[in-house]
Each structure stands twice: as C-alpha cells, then as structure tokens.
Amino acid sequence: MTAPVTRRTALTGLGASLGGALAACSPRTAPGPKRQVTLRMSWWGGASAHKATLEALHLFMQRYPHIEVRGEYTGFLGHLERLTTQIAGHTAPDLMQINWYWQVLFSRDGKGFYDLNRLSKEIDFSQYDARTLGMGERNGHRNALSVGNAARLFYFNRTTYDKARLALPASWESLLAAGPKMRDALGDAYYPIDGTFQDFIAMARSRIVQKTGKALVDDVNKRLNCTAEDIAEMARLYAGLTRDHSLPAARVRAAFGNVAQQEMRPWINGQFAGCYLWNSSIDKFTDTLRPGEHVELASYPLIPGATDAGLLYRPAMMFAINHQTPHPQETALLLNFLMNDPVGVRAMGLSRGVPSSAIARRTLTEDGLMTGLKRDSEAELARLPITVLESPWFEHPRVRDGFQDILEMQGYGVIDEETASRRLYDDINAILTRVIR
Amino acid sequence: MSGASIYASRRAGSLYIAPFAIGFLLFTAFPFIASFILSLTDARLQDQLGDAHFIGWHNYAGMWADATFRKSLGVTFFYVFVTVPLKLAFALLIAVVLNFKLRGIGLFRTAFYLPSILGGSVAIAVVWRFVFASDGLVNQFLHGAGFGGINWLGEPSTAMFSIILLRLWQFGSAMVVFLAGLKAIPEDLYEAADLDGASRLRQFWMITLPLLTPVLFFNFIMQIVQAFQEFNGPYIITGGGPMKSTYLLPLMIYEEAFKYFNLGYSSALSWVLFVIIALFTALAFWSQRFWVFYAQERSDKGGH
C-alpha cells in the first residue's frame, strides 16, 4: 500500500502523510478511509440550477462522508467579476463553473487552471468526444471540461406565425421575406424575429462563415479571417432585416431599456415572434411566454453550397479546478460525480442544458427527460455540418462591443451602410490586434 | 483611574480613535494610494499584480485619444450641470412650501421625503425602467390621454432625461436640509419686512435666500459629488445607451475594470473623476466668499 501512496503524493505535491488514506481507494467509486476535507464550489445559474446543484452536492456528501462541499452560487450578472477578484486574490473555489471564453482570460498559457490530465484516474474522460475535450485544452493542458455543449439556433413562435398564415422561415431569404408579410397580416408591432445586437452579430457571423467556410477570427494573425466584402455582409444583413420589418430596429429595441429579452412584453405576448438563441437557454425563454403561445425549432438556414452551418457550437459552460487547490483528487471526484455518475447526473438533470457526457445523456434519455425542444435541438445539431471552430476571441467583450457600436450607429442612421461596412473591417481588425495577446 | 486621568491619557485616547484610524487606513487610504499606483501601470484584473508593468502617465496621456472617454466625459458634465441646479431648485421649492404652517404638514413632509428613503436603489431603478419603457406606465398614460407615446429610453435625448428624472425624484435629503435652514431663520426678520410692506417674493429674495446660502452651499457640494458618482440609474435603466448617450464616467470606470479587465486604465479614469470632483469642490469653496452669507461673519463685522 505504501508504493501507491508515494506515487500519488509525488503527483499532487501534497505531503506524504496525506497519501495513505487516498491511495487505499478506487478513485471513481469509493475513496476509502479519509481525512476530513472541505471543498468550495462556485457556479452561476437560475433557481432551478441552484436547487439541482445543491441536491447533487448533498448526494455527493452522502457518498463521500469525509468530503464537505460548500456551494457559492449567484446569478450570471456579476459572477465573472466575483470570480475574477477571487482568482486574483488567490481565494478561488476548488471547483469553478466557467464560461468557455474565460479560459483566454484566466489561462492564456494553459496553466491558469489545474491540468485535468493529471486527474485521469478520478475523471472518466472516455465519456466525451475529442472535439468537446479539445474545447477545454490550451497549450496541451486540459483546463476545463464542458458541462454541456450549445449552439445558437432559430426558434419561432408557431402561434404568431400561424396567425399570420406564414411557414416558419427555413432559409435566409424566407426570413427576410417574412417581415413585410407579417406586418401586413398582423400590424406594425409584429416582427418575425427579435434579438439583441449580440444575437444579430452571431447570426450574421453564421451567414458569413457559411459563405467563407472559415472561422471569422484568425487569432494567430490577430485579424478578421475574411475580406472586407465578406464582413460587409453584416451591415447589409442588418440593413435588410430592419428595413423589411423582419427585425426590430435599434430604436424599437432600445425603447424597452436594458431589460432581458425574455422579459420584454412583445416576446411574452408573441409580437416578437422568434429568436436566435442558445439551445441551452430556450427553456428560460419559453417559461415567460403567455399561455397559448407555442415555440418551435426551425430548420437552420443554409446558403446553397455551404459546407458548414457557421454555428458557434461550443461549451455552454465548463467546470474547471483551481490550480492552487490543496485537494485536487477530492475536487476531481466531485467533478466526476456531477458529470458522469448516474446519481449526480440525475440530480443535476437538465438544469444546465443537455450534458456533453455520453453516460449522462444516456441516463437522462432513459429517464425520459430528453423531450420537446431539447430533443429537437439535439437532433438539429446532429444533422447540421459543424466543422469550423471559432476563436474564443470572437466573444471578447471589446470585440463584441466593437461590432455593436458600429451597428448601433448604423441603426440610428449616424453612419450609412457603406461606412458601417468599412468600419466593421477596419475597426474590428484594430481591436483584434490590440486585444489578442 | 479617574475620569480626568482617562481623558489625559494619550494611550486611552489613541485606543478610542484606533477603530476609525484602522478603518480609514485599510479601507480608504490604502485603496486611494493603491489605485493611483495602479493607474500608472498596465495592470489587468485577471493577472497577478506582479505581472503589471509600470507605464508612467501613459494611461492618462492616452485618455484624450479615447473617443469613448470623451463622449462619457461630455455626457457626465451634461448630467451634472442639468441635475444639480434642477434638484436644488426643486428641493428648495418643496422645502419652502412645506415650511408653511398648515394642518397635517408633518404628513406632507413625510410623504415628500419618502422617495429619498427608497432612493436610487436597484429596485427603484428597475421600476423606473418599466415606467419609462415604450409600453410602460408613462406611455400608457399618454395614450390614455390621447397623445402618442414617446420613445423615452430609445432616443439619446430622452434617455438622458429619464435618468435625470430619477435623480430629481430623490430630492428629499436636500429638501430636509433646506427645511432645517428655513426653520433657523429668525421670525422677526419677516415681521420687520411685513411692517415695511415687502411682498412675499421680495422677502424670499432679500431674507430667505441670503440666510439660506450656507445650507445651499452645503447642498451644492453634496449634490455635485453625488451626481458625478451616479451609477445605478444608467447601469440598470439604459445600460449606458442608446449610443452611449447615458454612459456616465462611473459606468465607464466599472466596465473598463470588470468587463474589459483594464485595471490600470480604469484606475486612471477614477483618478480623473476624483480630480474633477475635487476641482469643482475647490471652486465652490473659493466662490463662497462672493455668495455665501454666514451670520458669524456678520457679527464679526459689527452686525448683531
């Protein structure tokens, strides 16, 4: 028994006195006799995610009585600020829920989080496909594990479309054409689709990637990975959608103030009859609909000859382990329990979207939880060609706001479409050069 | 130890002031100095402070070339120059009205102070957003009265108006201070003015306002400082939009630090805001010799 103790201790850098107890266990199943350990885990989410996670933690502590886990949970707003100050102050929790993009913030060299490769005895990586695992790797270090993958898809209010006697748009052309038809049938207050600038930018990116077949951001050369003519498509699409009453104009959206899309009255009552949304978030949107309003997934529009749908298909959220944790093995046990253990998986349910772990998906499918929009969205994602991997820098707040500022000026008529096109190319390239390090 | 010897003891005295001194050093002096040092670096929030480089005045020098800063500064000045006079005037007007000897005046005073208890909190800002939304209470009222709705939050000019109105709504604190000042004005001055046949308006200009100038000065300083630091309103109601028309400097400081992680630049912006507030405060103190009337000075100069 002594030998494994020594090996494990050497691996983790812990004192030899800790090893005996840990080495006695089979890591993924029963950890054996143990010293009392307290872990901290942080996450963001809504009430259902909090409830499910706390229940899962309770079950974990029953399974491993020597490990106490304290949950630190908030809404999404302010969570990054909180985590940032914790990481900077060396007080980050042992297990952290992070966004995919945060890896470039906290772990540019791959060493900002614990290298999960060193915990392969505790975590069952065989449940994940290579693409999913790759999304959590930087410089050969496995930084984080995807809880669930997600992509933006088109969801439409079937009730409103039926009222307007329109089929759900399944092509870019039919989306553009739906605006005037819906306005004529139902009035000025009705729009085929709604979205924030951020939503629109992602939508336009998808169309551009369908044309170019390449990621929009080239983080090696710190530039847009397309021509000025390609990026002009963004300004053109925005002008077309807003002019044709297919997307609410900037002024119309801003009139509701800084409010979440699903809390806007026109979404609730079906006047804003569509959205371009992460499939992991669709429940949040359908929850607020007025009774009688029914949302359906639409076929994703593809331009003829497209080899890639241009989806931003990436982890909706990830779990990462603090690289300074004194308890990496125990934290890994917790991570594995939440993501790959049927007991933990059932407790977590679909509160974080469809899990990326194969065993978790199988468990929840067998339990009959994969229904409705969740099932349809998964099927659509499986059908679509997804090969392009976008750079995380596309989601950098400075880049995102750069796009938004230009489109907002276009929307308010401060600059014309031609100027917007030129600035989208010049300004975004300048921003990418500045921010990518 | 007798009471006298306690007061004479330096050690006991030091112990008494220790809580404040420690709190001040830890939570005011240290961040104050640290933020200035940070403003001279390229520190980023997600990096270790040891990784930051000293870049001298670069953050300050580059500020003027930053179009967002110029826009934010202009918006902030506009906000302060409009809200402070309006709020002071409104608070004074209400204080004068509530100084009348009326039945149930205490009830009115409480009612008018109520908005200030609620303040500009997050909850009130959220309510404000719903009130001024295109389908909000104000537009519903306008529609009901036969007028068209106004795009309060969607147009740059009217969005700022909505934010300004939220601050004006919190006039209660300034009003209470004015009310206290009004109560301190001797009644005999008004009686003498009545005997001389002065109108109410003339009494206000010749008696009330001059004797109220120390209170006005205090309120002016407080309102200037608070207005420059406004954050909740634009953050929650408009998010600084549309087109950065309500992007006040404190919001920019917050976003630079916590959205873009530029701790160094954000600290520099904070210092610029601090210097602006300090300059306005100093200007107000310098100018008070021309417009603030202190009763003590009157006595010193041979008055009664």
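Helices (H or I, at least four residues) and strands (E, at least two) are DSSP runs, numbered from the N terminus. One loop of chain B shows the terms at work. Pro242(B) lies between helix 12 (232-238) and helix 13 (249-258) of chain B. The peptide bond that leads from Gly241(B) into Pro242(B) is cis, with omega near -10°.

This is a predicted model, in which local features need pLDDT of at least 70, side-chain atom pairs count only at pLDDT 80 or more, and totals for chains, interfaces and linings use all residues. Residues are numbered from 1 along each chain as its sequence is written, while chains are lettered from A and ligands numbered from 1 in the order in which they are written.

## Chain A overall

Chain A holds 19 helices and 12 strands. Its radius of gyration is 23 Å, close to the 22 Å that the globule rule gives for 437 residues, so chain A is as compact as a globular protein of that length. Here the radius is taken over C-alpha atoms, and the rule is 2.2 Å times the number of residues to the power 0.38. Along the principal axes, the C-alpha atoms of chain A fill a box of roughly 80 × 50 × 40 Å.

Burial is judged by neighbour count. A residue is buried if 20 or more other C-beta atoms lie within 10 Å of its own, exposed if 12 or fewer, and partly exposed in between, with C-beta atoms placed from the backbone. Of the 437 residues of chain A, 47% count as buried.

Contacts use the C-beta atoms too. Two residues are in contact if these atoms, placed from the backbone, lie within 7 Å. In chain A, 73% of the contacts with a separation of 6 or more join residues 24 or more positions apart.

## Two domains in chain A

Chain A splits into domain 1 (36-149 + 315-373) and domain 2 (152-312 + 396-435). These bounds come from an automatic or database domain assignment. The C-alpha centres of domain 1 and domain 2 of chain A lie 31 Å apart. Domain 1 of chain A gives 5 residues to the contact, and domain 2 of chain A gives 6. On the side of domain 1 of chain A that touches domain 2 of chain A, 2 residues are nonpolar, 3 are polar and none is charged. Ala, Val, Leu, Ile, Met, Phe, Trp, Tyr, Cys and Pro count as nonpolar, Asp, Glu, Lys and Arg as charged, and the others, Gly among them, as polar.

## Buried strands

Strand 6 (residues 144-150) of chain A has 7 of its 7 residues buried, so it is largely enclosed by the rest of the structure. Strand 10 (residues 274-278) of chain A is mostly covered, with 5 of its 5 residues buried.

## Two positive phi angles

Arg165(A) is not a glycine, yet it has a positive phi of about 55°. Arg165(A) sits in the loop between helix 7 (158-163) and helix 8 (172-186) of chain A. It counts as exposed, with 10 C-beta neighbours inside 10 Å.

His245(A), also not a glycine, has a positive phi of about 65°. His245(A) sits in the loop between helix 10 (228-243) and helix 11 of chain A. With 20 C-beta neighbours inside 10 Å, His245(A) counts as buried.

## Where chain A meets chain B

In the contact between the chains, 21 residues of chain A meet 21 residues of chain B. Helix 4 (79-88), helix 5 (102-106), helix 11 (250-254) and helix 18 (397-411) of chain A each supply at least two residues of the side that touches chain B. That side of chain A has 13 nonpolar, 3 polar and 5 charged residues.

## Chain B

An unreviewed UniProt entry lists "transmembrane region" for residues 12-38, 77-100, 112-132, 159-182, 203-225 and 268-286 of chain B. UniProt positions are given in the numbering used here, feature names are shortened, and annotations may be inferred rather than shown by experiment.

Residues 203-225 of chain B are 100% helix and 0% strand, with end C-alpha atoms 31 Å apart. Residues 268-286 of chain B are 100% helix and 0% strand, with end C-alpha atoms 27 Å apart.

Arg200(B) belongs to helix 11 (residues 200-228) of chain B. Arg200(B) counts as exposed, with 11 C-beta neighbours inside 10 Å. Between Arg200(B) and Leu166(B) there are 31 Å in space, C-alpha to C-alpha, and the two are 34 residues apart in sequence.
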